[in-house]
Amino acid sequence: MESKNIKDLTKTQRLRAIQDDIDLNDHRFHRIDKIIKSYEETIVSMLDEKYISSTRKADKVADKIAAFGGSWKFIITMMIFLSFWIIWNLLPFTPHFDDVPFILLNLMLSFTAAFQAPIIMMSQNRQAAREKAESLVDFSINYKAEQEIDDIQDKLYEITSELNDIRFLLKELKEEQKKMISSQHIK
């Protein structure tokens with residue numbers, strides 16, 4: 001009975017040790033998550049600072065025009081403006097400033113498209129350059145993570161081979177014990 005209590009005690013101790021190890025690993029993982037999050041925030045803030053510092057006033061205006069030109073607010077505003085223009089020039093009791101082929105309206109729309117398209121493209125080019133910088137950072141982080149995973153896999157392989165060696169040694173020890181016990185019984 002006493003030996004059974006000792007075995008239970010060692011099992012309990014083993015379970016506590018395993019639980020403590022798991023708790024330590026959880027703590028390490030939370031710490032690592034915090035470090036990674038801090039690292040990512042630092043990189044993003046550095047990219048933001050670089051982007052803001054390299055952005056001129058003209059670039060900021062282009063970004064605002066592109067943001068407005070690519071929004072529902074712009075589409076609805078243009079739809080209302082065009083509808084008002086056409087209706088005003090079609091009603092018989094209003095003074096017409098642009099008759100039915102709406103040449104002035106076409107000219108204004110052409111000017112809008114001619115200036116808005118390059119401005120939007122400039123803004124998109126700057127966004128593409130920023131995304132390229134972010135993708136380089138992502139690549140380097142992923143590459144570093146891949147290297148660490150390879151190192152962990154190497155360590156895991158080493159541990160596995162050591163465990164196999166230990167199993168082999170334990171097997172040999174059991175066989176020797178059996179031989180010793182059987183030789184003691186024979187005597």
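## Aromatic pairs

Phe-97 has a relative accessible area of 46% and is partly exposed; the classes are buried under 20%, exposed over 50% and partly exposed in between, with a 1.4 Å probe and protein chains only. The model is predicted, so local features need pLDDT of at least 70 and side-chain atom pairs count only at pLDDT 80 or more, while totals for chains, interfaces and linings use all residues. Residues are numbered from 1 along each chain as its sequence is written, and side-chain values use heavy atoms, with hydrogens and water left out.

Six aromatic pairs are found in a search of the whole structure. Rings of Phe, Tyr and Trp (its six-membered ring) pair if their centres lie within 6.5 Å; planes under 30 degrees apart are stacked, over 60 edge-to-face, and the rest tilted. The pair of Phe-84 and Trp-88 is tilted, because the ring centres are 5.8 Å apart and the planes stand at 35°. Phe-84 and Trp-88 are four residues apart in helix 3, which puts about one helical turn between them. Phe-84 is exposed at a relative accessible area of 53%, whereas Trp-88 is partly exposed at 30%.

Trp-85 and Phe-97 form an edge-to-face pair, with 4.9 Å from centre to centre and 85° between the planes. Since Trp-85 lies in helix 3 and Phe-97 in the loop between helix 3 and helix 4, this pair ties together parts twelve residues apart in sequence. Trp-85 is buried, at 7% relative accessibility. Phe-81, Trp-85 and Phe-97 are linked by ring pairs into a cluster.

## Helix 3

Helix 3 takes in residues 72–90, and its 19 residues should span 27 Å at 1.5 Å a residue; the end C-alpha atoms are 27 Å apart, which agrees. The expected span is 1.5 Å times one less than the number of residues.

Phe-74, Met-78, Trp-85 and Asn-89 are the buried residues of helix 3. Seen down the helix axis, they fall within an arc of 35°, so they line one face of helix 3; the arc is taken from the directions from the axis to the C-beta atoms. These buried residues pack against helix 2 (57–69) and helix 4 (103–186), a contact being heavy atoms within 4.5 Å. On the face turned away from the buried side are the exposed residues Trp-72, Lys-73, Met-79, Ile-80 and Phe-84.

## Asp-63 and Arg-126

Asp-63 is in helix 2 and is buried, with a relative accessible area of 18%. Leaving out residues up to four places away in sequence, Asp-63 touches Tyr-51, Ser-123 and Arg-126.

Arg-126 is in helix 4 and counts as buried at 16% relative accessibility.

## Whole chain

The protein has four helices and zero strands, and its elements run α-α-α-α from the N terminus on. Helices (H or I, at least four residues) and strands (E, at least two) are DSSP runs, numbered from the N terminus.

Of the 187 residues, 13% count as buried. Among contacts with a separation of 6 or more, 51% join residues 24 or more positions apart. The protein exposes about 16,400 Å², of which carbon and sulfur atoms supply 65%; accessible areas come from the Shrake-Rupley method with a 1.4 Å probe, and for residues only the protein chains shown count as cover.
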